[in-house]
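Here are my notes for you, with the structure first and the comments after it.

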Amino acid sequence: MTETVTIPADPAAGGFPSYPMPRAVGCPLDPPPGLMELQAVTPISRVQWWDGSTPWLVTDHADNRTLLADPRISADSTYPQHPHSAPGMRESHQKHGRPFIRMDDPEHNRLRRTVTSPFTVRRVEAMRPAIQLMVDGLIDDMLVGPNPVDLVEAFALVVPSLVICELLGVPYADHDFFQKNSKLCVRRDVDPQRGAEADKQLLSYMAHLIDIKLAEPGDDLMSEVAQRVAAGELSHEEGTRTGQLLLLAGHETTANMITLGTLALLEHPDQLAILRDTDEPKVAAAAVEELLRYLSIVHIGRPRVALEDIEIGGHLIHAGEGVILVGETANRDPSVFPDSDRLDITRDARGHVAFAFGPHQCLGQNLARVELQIVYGTLYRRIPTLRLATTVDQIPFKHDALVYGAHQLPVAW
Ligand code: HEM
């Protein structure tokens with residue numbers, strides 16, 4: 001039951017529009033116009049994926065939430081129709097196993113439960129003073145360092161990397177290694193061999209770290225994981241994959257939110273002024289939610305497979321078919337967020353799905369919120385003259401990565 005869409009279907013794509021779609025020139029922070037058009041015309045539709053398959057694409061907010069929480073929808077990446085985001089991933093998951101983000105319950109829940117305790121609101125709030133101190137120190141360093149500077153390298157990547165290293169017990173001295181390989185793992189435009197090699201490098205690093213933590217346990221999460229491995233609660237491979245997922249998700253995402261959040265605010269001086277002119281924590285907290293909604297950095301949708309026939313929105317998704325749930329359009333759905341393309345840090349944006357929804361909802365969301373609240377609440381107040389040291393069209397955006405962001409963001413003050 002496929003409807004005709006008004007956007008021109010790509011003839012090379014067998015009648016279905018291709019996905020992912022390009023963003024409009026000059027609007028790097030907005031979702032691709034073709035996707036918004038799909039949302040307006042047929043929010044559940046079929047598209048042509050990079051491997052020639054034709055999964056369903058869900059672009060509106062209500063259907064995203066419904067399907068993300070539906071137990072008939074699977075995140076298991078071993079199903080044949082699972083829409084893998086890049087070449088080589090299917091083979092890699094089959095050969096080297098997969099992280100719990102790509103498993104279903106009860107396996108998913110069994111593994112997720114082993115690492116939830118440091119991510120509760122209470123535990124993360126206890127980290128707030130230390131994160132604040134660290135952010136203040138990095139800003140001190142920036143102020144006495146080169147001007148202009150690349151914000152990504154000097155600040156945006158450093159904050160979440162230091163935090164996740166401390167939490168996991170990963171030596172920060174290894175940051176060049178894990179940042180470089182994590183970046184390769186989430187890129188879709190690299191040679192599959194390079195992506196697979198980066199994945200392997202990170203896995204052997206985490207496997208070795210577990211062995212170190214078994215010999216010399218510390219007060220950190222990877223030591224806990226190692227103890228569970230020793231107790232037989234987790235296999236060594238499960239502990240390794242879990243550690244790799246946490247290390248990667250823990251820095252790559254938040255770094256891009258710091259980078260693009262700063263760009264979005266510099267491009268909206270009225271919104272930046274609201275944030276800069278107050279030390280009220282509620283203002284920074286609301287700004288974080290709105291920027292999560294507005295930027296929706298996990299911009300290539302959540303991949304899933306239907307386990308049973310599902311009737312939704314006048315369509316029948318058959319058992320076994322691939323489904324991609326698109327957060328970046330769901331978060332711009334005008335029926336939920338009026339005037340949805342406007343950045344308004346005073347709106348109530350809490351219903352966004354930037355951290356997804358349902359069983360795979362982001363494990364690190366409390367931590368990401370605290371980091372971003374501190375950064376947005378501190379950086380622009382400490383450096384009120386912060387400005388872009390380039391033009392927007394010169395910024396190298398991460399168009400073809402799973403997590404949207406910018407490779408560099410030159411700033412001056
Ligand atoms: C602003 C920053 C972040 C954003 C936007 C974000 C977004 C997301 C999204 C959309 C998902 C769901 C993916 C899916 O369903 O396929 C997810 C899952 C996950 N995130 Fe985050 N994330 C962020 C920060 C973090 C941090 C700091 C950590 C810490 C380790 C983390 C760890 C995870 C884990 C472990 C999962 C898998 C959860 C599961 O499958 O049960 N994330 N994240």
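**Notes on the model**

1. Let's begin with the strands: E4 and strand E10 (residues 410-412) run antiparallel and are joined by two bridges. Strands here are DSSP runs of E with at least two residues, helices are runs of H or I with at least four residues, and both are numbered from the N terminus. Two strands count as paired if DSSP finds at least two bridges between them. Within this pair, Val149 has Val411 of E10 as its bridge partner.

2. A word on where this comes from: the model is predicted, local features need pLDDT of at least 70, side-chain atom pairs count only at pLDDT 80 or more, and totals for chains, interfaces and linings use all residues. Residues are numbered from 1 along each chain as its sequence is written, and side-chain values use heavy atoms, with hydrogens and water left out.

3. Back to the sheet. The order is E4-E10-E9, three strands in an open sheet with antiparallel pairing. Strand E4 (149-150) and strand E9 (387-388) are the edge strands, each pairing on one side only.

4. Next, the helix pair. Helix H14 (residues 281-295) and helix H16 (residues 365-382) have axes that come within 9 Å and cross at roughly 110°. Axes are lines fitted to C-alpha atoms, for helices over the stretch in contact, and angles run from 0 to 180 degrees between N-to-C directions. H14 and H16 are therefore roughly perpendicular to each other (the class for 65 to 115 degrees).

5. Which residues of H14 and H16 meet? From H14 come Ala284, Ala285, Val288, Glu289, Leu291 and Leu292, and from H16 Arg369, Leu372, Gln373, Tyr376 and Gly377; contact means heavy atoms within 4.5 Å. By class, the contact of H14 with H16 has seven nonpolar, two polar and two charged residues. Here Ala, Val, Leu, Ile, Met, Phe, Trp, Tyr, Cys and Pro count as nonpolar, Asp, Glu, Lys and Arg as charged, and the others, Gly among them, as polar.

6. Cys362 (SG), at 2.3 Å, is the only protein donor of the iron atom of the ligand. Donors are N, O and S atoms within 2.8 Å of the metal (3.2 Å for Na, K and Ca), and water is not among the atoms, so sites may look incomplete. Cys362 sits in the loop between helix H15 (327-330) and H16.

7. Finally, some backbone geometry to check. The peptide bond from Tyr19 to Pro20 is cis, with omega near 5°, and Pro20 is in the segment before helix H1 (33-41). Ser296, in the loop between H14 and strand E5 (302-306), has a positive phi of about 35° although it is not a glycine.

Notes: Parallel < 35°, antiparallel > 145°, perpendicular 65-115°, else oblique.
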